[in-house]
Amino acid sequence: MDKYVLSMAILRIFSGSAELIAALLMLRFNQVEKALAVNSALAFVGPMILILTTSIGLVGMADKLSFGKLAWVLMGVTCLLIGILKK
């Protein structure tokens, strides 16, 4: 199995597990204020997982991509992050 794919999959499993745990915590707390705090923590985790999985994927493909294509991918990821994080 490809080590880059395995690393990306493990990060996504972690991300999915964090989402499930957060949902269970929200149900357990049963308070809007606490649920909102848990949800805010997830807002931080999501983009970090996106950055990490994309970085791992790009490192795995670096030898197959030209500099120009790599620059386009990085600009796309930057646009995604701006769209997600901009208030």
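In the predicted model, Met-1 lies in the segment that precedes helix α1, which covers residues 3–29. Met-1 has a relative accessible area of 85% and is therefore classed as exposed, since the cut-off for that class is over 50%. Together with Leu-6 and Ile-10, Met-1 makes up a nonpolar patch on the surface. The accessible area of Met-1, Leu-6 and Ile-10 together is about 360 Å².

A contact between a side chain and the backbone is found at the start of α1. There, a side-chain oxygen of Asp-2 comes to within 2.8 Å of the backbone nitrogen of Tyr-4.

Leu-11, Ser-15, Ala-18 and Ala-22 are the buried residues of α1. Helix α2, residues 32–61, is part of what covers these buried residues.

Gly-16 also belongs to α1. Its relative accessible area is 33%, so Gly-16 is partly exposed; this class lies between the limits of 20% and 50%. Gly-16 and Gly-46 are separated by 30 residues in sequence, while the distance between their C-alpha atoms is 9.7 Å.

Asn-30 follows α1 and is located in the loop between α1 and α2. The relative accessible area of Asn-30 is 67%, and the residue is therefore exposed. Most residues other than glycine have a negative phi. In Asn-30, by contrast, phi is positive, near 55°, although the residue is not a glycine.

Helix α2 comprises 30 residues. From the first C-alpha of α2 to the last, the distance is 43 Å, close to the 44 Å expected at 1.5 Å a residue. The buried residues in α2 are Ala-35, Val-38, Leu-42, Pro-47, Ile-49, Leu-50, Thr-53, Thr-54, Gly-57, Leu-58 and Gly-60. The cover over the buried residues of α2 includes α1 and also α3, which runs over residues 67–85.

Conventions. Residues numbered from 1 in each chain as written. Predicted model: local features only at pLDDT ≥ 70, side-chain atom pairs only at ≥ 80, totals over all residues. Heavy atoms only, no water. Patch = residues over 30% accessible without salt bridge, like charges linked within 9 Å, V, L, I, M, F, W, Y side chains within 5 Å. Areas by Shrake-Rupley, 256 points an atom, 1.4 Å probe, with all protein chains shown as cover. Salt bridge = Lys/Arg side-chain N within 4 Å of Asp/Glu carboxyl O. Helix = DSSP H or I, 4+ residues; strand = E, 2+ residues; numbered from the N terminus. Buried < 20%, exposed > 50% of the residue type's maximum accessible area, 1.4 Å probe, protein only. Contact = heavy atoms within 4.5 Å. Polar contact = N/O pair within 3.5 Å; in protein donor to acceptor, adjacent residues only side chain to side chain. Expected span 1.5 Å × (residues − 1).
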